[in-house]
Amino acid sequence: MSVVTPQYTTSSVERRRHVRQRAHSIVCVKLDSDNGGILLNLGTRGLSFQAAALLDPEQDLILHFTLFDTGETIEVAGRVAWLGRTRKEAGIFFTDPPDRT
């Protein structure tokens, strides 16, 4: 069973350059600080997630998460691309994406 399914938008304008996959099971994301959250969607160049604590838009991040279906642990560097109104939902672009896609 795959942990992600394709995410399609009803909008005629897709802002992303790379397709994202929506998580259909809970995937926990741990940050290098005392924060973490739940993965919302994942792509080859970034992800979005809901954090437990406020995020700093200027902070470099190291994210850790384990894919449910394969058990593979991922560690990737990223930066905040956008923040939601609460500053807890964020889009992250990978600054050093894994070699495999």
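Mentor: Start with D60 and R79, whose side chains meet in a salt bridge at 2.3 Å, N to O. A salt bridge here is a side-chain nitrogen of Lys or Arg within 4 Å of a carboxyl oxygen of Asp or Glu.

Trainee: Where do D60 and R79 lie?

Mentor: D60 lies in the loop between β5 and β6, and R79 in strand β7, so the pair ties together parts that are 19 residues apart in sequence. Strands are DSSP runs of E with at least two residues, helices are runs of H or I with at least four, and both are numbered from the N terminus.

Trainee: Is this an experimental structure or a predicted one?

Mentor: This is a predicted model, where local features need pLDDT of at least 70, side-chain atom pairs count only at pLDDT 80 or more, and totals for chains, interfaces and linings use all residues. Residues are numbered from 1 along each chain as its sequence is written, and side-chain values use heavy atoms, leaving out hydrogens and water.

Trainee: OK. How many salt bridges are there?

Mentor: The count is 2. R79 also meets E58, at 3.9 Å, N to O. E58 sits in the loop between β5 (46–51) and β6, so this pair links parts 21 residues apart in sequence.

Trainee: New topic. What elements does the chain have?

Mentor: It has 0 helices and 8 strands. Of its 101 residues, 35% count as buried.

Trainee: What does β7 pair with?

Mentor: β7 (residues 73–83) pairs with β6 (residues 61–66) in the antiparallel sense, over 6 bridges. β7 also pairs with β8 (residues 89–96), antiparallel over 6 bridges. To pair, two strands need at least two DSSP bridges between them.

Trainee: Which residues face each other there?

Mentor: I62 stands opposite A77 in β7. G78 has F94 in β8 as its bridge partner.

Trainee: And what about the turns? Which residue has a positive phi?

Mentor: β6 and β7 form a hairpin with 6 residues between them, where G71 has a positive phi of about 75 degrees. In the hairpin of β7 and β8, 5 residues lie between the strands, and R87 takes a positive phi near 65 degrees.

Definitions and conventions: Buried means under 20% relative accessible area, exposed over 50%, partly exposed in between (1.4 Å probe, protein chains only).
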